Amino acid sequence: MAKALKIAGAVVAVAGLAIITGGLAAGASLSFIMSAGFGVGSLTVGSLIAVSAVLNTAGSLLSPKPKAPAASEANANRLSVSMELRAFRKTVIGSTAMATDLRDQEWSADQSLLHRFIVAASHRSKAIRQIWFDDKLAWTVEGGVQAPYVGYLTVTPVLEGSAANAINISERMGSSRRYTGLTYVYLRYKLTGNDKKAESPFASSIPSRVTIVGDGAFFYDPRLDSTVPGGSGSMRAADQTTWAWDANVCRNPALALLFYLLGWRIQNPTTGAWKLAIGKGIPAARIDLQSFITAANLCDEPVTRADGTTEPRYRVDGIWSEGDSPGLVLDNLKASMNAVLDDADGKIRITVLHNDLGTPIGDLTTADVLGEFTWLQTPPLTDSINVLRGGYTDPSANSLYQLVDLPEVSIPSPDGIERAQTVNLPLVQSPGQGQRLLKLRLGRALYGGTFTAIFQATAWKFQKGDVIRFTWLPLGWDKKLFRIADVATQVDGTVPMMLREEHPDIYAAYSNEAAAIKAAAPTTYDPSLFPVQQGIAQAGQSAVWSKVADDNGKRPADGATVGAPTGTQVGGRKAEDVVSDLNQNIINVANEMVVNGTWRANTDEIIFVDGKPVRKVVEQLGVTNEGHTLFITKLQEVDSSTGAAKFVNVANADGHIVGMEALAGGGINQLSFVAERFLFVDNGGGNAIVALSYDTTDKVWRLGSIEATRIKADTIVTRHIVSSQISQTQVVPVSGNISIARNASAIVATKSMTKQEPDSVMKVTFFGMFQSDDDIQMTCTVEVDGTTTYPAGRINNVFDSTQSKAESTITPFVYIYDLPAGDHTFAFKVVNQEVDNIALIVKLGSAMEVLEQKRPLL
């Protein structure tokens with residue numbers, strides 16, 4: 001049965017402080033330090049926190065039941081064209097279907113030509129190779145436009161937009177629609193036949209199901225960078241011009257994850273400044289590039305497929321959006337290569353889990369464990385799985401990059417109840433790779449045993465992810481294999497760790513798609529290693545002496561005492577005097593620490609990490625009186641092994657905490673605060689301004705009056721929007737039936753409106769109910785301020801050869817991009833183009849809507 005962890009702290013050591021190592025964990029360590037409690041009683045200062053509060057493997061493949069990654073909406077949305085002015089930027093990696101974000105369109109030639117600009121990626125790309133309409137191949141880079149679209153479709157791919165390659169179909173398009181730094185496609189559709197007998201394939205509709213197939217982003221490969229240990233070449237992380245496309249490198253999932261961390265920048269053509277467009281923009285100095293070299297090499301290794309052929313172990317091809325959370329993107333990339341991501345020595349590190357069990361980093365034994373432990377041999381059945389299902393992206397012409405099912409992977413359930421988990425792999429385009437990943441995931445789930453305890457300082461030499469041999473006498477283990485799932489370090493030198501059991505069978509499918517999943521081998525118990533039995537065996541042995549010799553003249557005298565009886569000399573003094581002085585020193589220390597309910601504790605230690613000194617100084621003073629526990633703690637640390645210096649100051653009054661942490665060096669320079677209110681005070685100590693306060697009821701931070709140039713947020717919840725609506729709309733109804741004679745025109749609706757933003761888009765829509773004694777043939781336009789006319793559509797609904805008595809609801813509309821901000825008048829005009837001398841009726845109940853929609857920054 002598992003035991004609860006209960007380990008006491010030392011008298012003068014500040015045992016409650018725990019510092020999670022590494023830069024990324026600095027914020028977590030601060031909150032952890034601020035919440036650590038210090039109990040005071042007699043001459044002890046608190047107790048250690050529970051190990052489970054330090055260690056956290058949630059979301060990791062090493063956790064007992066890792067969560068399946070969620071798929072990006074961009075993966076499905078890329079297969080259909082839609083105009084979304086606020087569409088997030090898209091990243092395309094590998095060879096796959098690209099984005100289809102319709103950013104602009106315009107009609108010309110009396111609405112017989114439609115021009116569309118579709119952004120395929122928010123970065124430079126290698127190639128656009130094919131375009132499909134529905135399930136028909138419409139264009140290839142080698143063969144151009146395909147039948148039946150020849151003569152009716154023009155395709156111009158642009159791999160990196162700039163002023164030099166802007167497409168000038170009108171003055172507006174060429175000057176303001178350059179799509180700088182983006183990959184886009186210009187499509188021109190001809191809607192009328194090329195002769196009287198021909199009909200355009202686009203006469204009835206423009207395809208919305210569009211698939212653009214191409215090769216995505218250029219990658220940085222640290223293996224080609226001579227400034228990185230283990231690398232060789234001229235490629236540099238800080239210089240995008242040295243990044244390159246390679247059909248293998250740019251499909252490597254480890255390098256795709258590195259690309260996401262580094263990000264991609266677009267250069268402002270006017271100022272020359274580089275602006276982060278996609279990704280996280282993390283400096284290379286904060287990334288363990290050597291770990292990415294190791295991971296990339298593992299991903300490149302050949303593996304055996306079910307048919308006996310080989311393929312690279314792991315590849316990725318796909319798309320994600322800047323609207324996706326970093327966790328979603330990282331989880332999908334990690335899932336595509338069976339990897340974990342962590343923070344080691346202040347740098348982001350990647351580890352592709354593989355069978356490295358033959359070369360453990362070292363050993364731990366019973367002597368290394370301090371106090372009690374928790375051993376969870378088998379997760380509860382409710383947390384177990386025995387069936388894995390999922391899907392992968394099928395690039396074949398049959399599916400055209402849709403998600404299709406993988407064969408499920410399963411083993412018998414212990415109680416006969418099926419427990420399934422669905423793990424979709426949208427970045428994987430190989431069914432063999434998908435099968436291997438599901439098998440590896442299920443193999444890992446079969447070995448769910450975790451051992452949690454606090455270890456002594458000998459465990460400092462290990463890192464998260466290391467494979468170790470563990471000999472644990474209470475459970476009879478002899479060099480049982482474990483992987484360190486998580487680890488932390490404490491100021492007092494102790495090391496809380498969570499170990500996850502390992503076995504070679506977990507990796508059966510690592511290099512062979514056809515390998516079967518085996519039932520988990522049992523954890524064995526060797527009774528001969530139990531300490532009590534060993535002690536009994538040793539006690540049963542008798543000393544067998546052939547003789548007692550005095551080889552060097554140092555044999556104790558006959559009748560020598562054991563211990564130190566009264567009068568025994570110790571260093572020239574009587575033993576009882578030495579003991580009396582030691583007792584008095586202990587009393588003096590106690591009186592110093594506990595005087596009228598107060599105490600003071602100090603530690604100053606130097607430890608060595610890989611032979612490099614780390615100096616830590618901790619000071620604490622406090623008082624416990626009349627039900628109050630108040631203390632102040634100060635930590636200072638300089639670590640030559642990581643090149644980092646930090647300090648933490650904490651004030652705690654009955655659990656109410658104010659604190660500050662500073663971390664410099666090691667690739668991170670940051671200052672963190674914990675408080676419920678932040679005040680800014682002038683030099684005279686007055687005019688305090690509450691800039692930030694914490695609402696303990698709603699559990700949110702509240703800002704006072706602020707002014708911001710730009711705010712970027714995933715979700716904005718507000719009670720009031722005063723004058724900065726995302727859009728504004730006004731509607732004017734038609735008050736009565738309007739009759740329009742043949743070849744005559746009429747203004748059927750007029751509306752004045754103030755356009756708030758200079759770069760917003762105006763959309764004018766007429767929701768019309770039309771009636772005619774014959775057919776409905778008309779042309780619609782929108783006049784702005786009585787001077788500029790915009791085409792809103794030509795309708796030619798011929799129903800039959802007789803008088804048809806047509807009635808129809810038609811919704812013509814137009815987007816207007818080039819209006820300046822200010823007051824404008826919009827008038828909707830209809831021209832009756834009926835061939836016969838018959839009037840067109842615009843009926844009561846029709847209405848015109850004028851909508852202003854703000855445009856995002858590209």
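## Tour of a predicted model

Select Val92 and Ile319: Val92 stands opposite Ile319 in E19. Strands (E, at least two residues) and helices (H or I, at least four) are DSSP runs, numbered from the N terminus. This is a predicted model, in which local features need pLDDT of at least 70 and side-chain atom pairs count only at pLDDT 80 or more, while totals for chains, interfaces and linings use all residues. Residues are numbered from 1 along each chain as its sequence is written, and side-chain values use heavy atoms, with hydrogens and water left out.

**Stop 1**

Two strands pair if DSSP finds at least two bridges between them. Now show the side chains of E19, residues 318–321. Which residues point one way, and which the other? Gly318 and Trp320 point one way from the strand, Ile319 and Ser321 the other way, and all are buried. Buried means under 20% relative accessible area, exposed over 50%, and partly exposed in between (1.4 Å probe, protein chains only).

**Stop 2: an open sheet**

Select E6, E14, E9, E10 and E11. These five strands form an open sheet in the order E6-E14-E9-E10-E11, with antiparallel pairing. Where are the edges? The edge strands are E6 (95–97) and E11 (144–145), and each pairs on one side only. Zoom in on E6 and its partner E14 (residues 210–215): three bridges join them in the antiparallel sense. Thr96 stands opposite Gly214 in E14.

Next, pick Leu113 in strand E8 (residues 113–121). Leu113 is buried, at 16% relative accessible area.

**Stop 3: aromatic rings**

Switch to rings. How many aromatic pairs does a search of the whole structure find? The search finds 32. Rings of Phe, Tyr and Trp (its six-membered ring) pair if their centres lie within 6.5 Å; planes under 30 degrees apart count as stacked, over 60 as edge-to-face and the rest as tilted.

Select Phe451 and Trp477. Their rings are edge-to-face, 5.9 Å centre to centre, with 65 degrees between the planes. Phe451 lies in strand E29 (residues 450–455) and Trp477 in strand E31 (residues 477–487), so the pair ties together parts that are 26 residues apart in sequence. Phe451 is buried at 0% relative accessibility. Trp477 is buried too, at 3%.

Widen the view to the cluster. Ring pairs link Phe373, Trp375, Phe451, Phe455, Phe470, Trp472, Trp477 and Phe482. Phe482 also has a charge over its ring: the charged end of Lys480 sits 5.6 Å from the ring centre. A charge sits over a ring if NZ of Lys or CZ of Arg is within 6 Å of the ring centre and within 35 degrees of the ring normal. For another case, jump to Lys763, whose charged end sits over the ring of Phe813, 5.0 Å from its centre.

**Stop 4: salt bridges**

Colour the charged side chains. The whole structure holds 23 salt bridges. A salt bridge is a side-chain nitrogen of Lys or Arg within 4 Å of a carboxyl oxygen of Asp or Glu.

Centre on Arg483. Arg483 forms a salt bridge with Asp356, the closest N and O atoms being 2.8 Å apart. Arg483 is buried, with a relative accessible area of 1%.

Glu502 lies in the loop between strand E33 (495–501) and helix H9 (531–539), so its pair with Arg483 in strand E31 ties together parts that are 19 residues apart in sequence. Both Glu502 and Arg483 are buried.

Move to Glu311 and Arg305. Their closest N and O atoms are 3.9 Å apart in a salt bridge. Glu311 is buried at 14% relative accessible area, and Arg305 is partly exposed at 29%. Then select Asp221, Arg223, Asp300 and Arg315, which are linked in a network of salt bridges.
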